[in-house]
Amino acid sequence: MKHTPEIIQPESTLSTNSHLRELLKQRRLNECSVVITHSQTQGRGQPGNTWESEPGKNLTFSMVLYPTQIKASQQFILSKCISVAIAEVLSAILPRVTIKWPNDLYCGNQKIGGILLENTLQGTIIEQCIAGIGLNVNQEIFHSDAPNPISIKGITGRETDLLELFKEIFESLLTHYQKISLPGNLHDRYLQYLYRREGWFTYRDVHGPFEACFESIEPAGHLILRRRDGSLSRYAFKEVAFINP
C-alpha cells in the first residue's frame, strides 16, 4: 500500500458511511482509511433496513477503497473479499460462522454482522467504494424488529475487547484486499463459508415459498438455486428471502 491509511474516530455520528462520504467531499483520503465510532445513532443496513447498535458495545466502522482495477460488472468481488476477511477473524473465536448471501455474517442461524457497500462507478470501473461494517460484539439486548440478532458475548458469555477485535479485522481486510486480484481463491473461500451451502431449505420469492438447494453464484453476484424439480432459478439481491428454520 502506497500510503498509510488514516483512522478517524468521531465520538458519535449518525452513520459512519455518511460521515466518511462527507469527508471525501472535502479531501481524498488514503486508501483503506477508516471512520470508526463508539456511537452510531442512525446506522443503515441494506436499503430499507436500519442497524441497531448500543453505544460502546459494538464495532461500527466504514472503510474507503479505490478499486479501479475491478470492473463494474464484477463488483461482487468486493463483497466476497470483505465478508471473507471478517469471517476468518470471527471463526477463530466463534463456532459455525457463515456468510449469508450476499454478505451478512451469521453464527448458526443468527445474524452477528452486516456489510453495506456503496460503490461509485465511472464508466466500466469502480472509482470508489465505501464499505460499512457493523458487528454485534458486547450488546446483550436488542430492541429493534430485526428477526434474529446475536452478539459475540451472547454466544461466548464473555466481553470482547473492541479495539483488539478491530485491529484483527482491519489487518485481515488489508491482507485480503491486497490479494483481490486472485478472484479464484477468493471465490473458493467465499463458498466454503456460505450459509446453506449444502442441503435443501425453504426460500420465498415473488411467487411464494419453495424448497431449493444452492447451485452457484455468478460473477456479478446473482444467486442460482436448484428447485426440487431440477429447474434453476436466478436471483439478484432482495429478489429471494431465506426462510429461517
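Begin by selecting T37, which is found in strand 3, where a strand is a DSSP run of E of at least two residues and a helix a DSSP run of H or I of at least four, both numbered from the N terminus. T37 counts as buried at 4% relative accessibility; buried stands for under 20% relative accessible area, exposed for over 50%, and partly exposed for what lies in between, with a 1.4 Å probe and protein chains only. This is a predicted model, in which local features need pLDDT of at least 70 and side-chain atom pairs count only at pLDDT 80 or more, while totals for chains, interfaces and linings use all residues. Residues are numbered from 1 along each chain as its sequence is written, and side-chain values use heavy atoms, with hydrogens and water left out.

Keep T37 selected and display its surroundings. Leaving aside neighbours within four places in sequence, T37 is in contact (heavy atoms within 4.5 Å) with P10, E11, S12, T13, T16 and T60. For E11, draw the distance from its backbone oxygen to a polar atom of the T37 side chain, which is 3.1 Å; a polar contact is a pair of N or O atoms within 3.5 Å, where within protein one atom must be able to donate a hydrogen and the other to accept it, and residues adjacent in sequence count only if both atoms are side-chain atoms.

Next, select helix 1, residues 16-26. The buried residues of helix 1 are T16, N17, L20, L23 and L24. Viewed down the helix axis, these buried residues fall within an arc of 125 degrees, so they line one face of helix 1; the arc is that of the directions from the helix axis to the C-beta atoms. K25 and Q26, on the other side of helix 1, are exposed.

Now show the sheet that helix 1 lies across. Helix 1 lies across strand 1, strand 3 (34-37), strand 5 (59-65), strand 8 (110-122) and strand 9 (125-135), and runs at about 35 degrees to strand 5; axes here are lines fitted to C-alpha atoms, for helices over the stretch in contact, and angles run from 0 to 180 degrees between N-to-C directions. Helix 2 also packs on the sheet, touching strand 5, strand 6, strand 7, strand 8 and strand 9, and its direction makes about 150 degrees with that of strand 8.

Colour the strands one by one to follow an open sheet of seven strands, ordered 1-3-5-9-8-7-6 with mixed pairing; two strands pair if DSSP finds at least two bridges between them. Strand 1 (7-8) and strand 6 (97-100) are the edge strands, each pairing on one side only. Strand 6 is joined to strand 7 (residues 104-107) by four bridges, and the two run antiparallel, with T98 having Y106 as its bridge partner in strand 7.

Stay in this region for two backbone details. P102 lies in the loop between strand 6 and strand 7, and the peptide bond from W101 to P102 is cis, with omega near 5 degrees. R96, in the loop between helix 2 and strand 6, has a positive phi of about 55 degrees although it is not a glycine, and R96 is exposed, with a relative accessible area of 62%.

Select L59 and I86 next: of the 61 residues in the largest nonpolar core, these two touch the most other members. A nonpolar core is a set of buried Ala, Val, Leu, Ile, Met, Phe, Trp, Tyr and Cys residues joined through side-chain atoms within 4.5 Å. Helix 2 (residues 76-91) gives the most to this core, with 11 residues. Beyond its neighbours within four places in sequence, L59 has contacts that include I36, I133, L162 and F166. Another core, of nine residues, lies apart from it, and among its members are I8, V64, Y66 and I130.

Finally, move to an open sheet of five strands, ordered 13-12-11-10-14 with antiparallel pairing. Strand 13 (232-235) and strand 14 stand at the edges with a single partner strand each, so one side of each is left without a neighbour in the sheet. Select Y203: its bridge partner in strand 11 is F210, and its bridge partner in strand 14 is F242. Strand 10 (residues 200-205) and strand 11 (residues 208-217) pair over six bridges, and a hairpin joins them through two residues. End at K238, in the loop between strand 13 and strand 14, where phi is positive at about 80 degrees although the residue is not a glycine.
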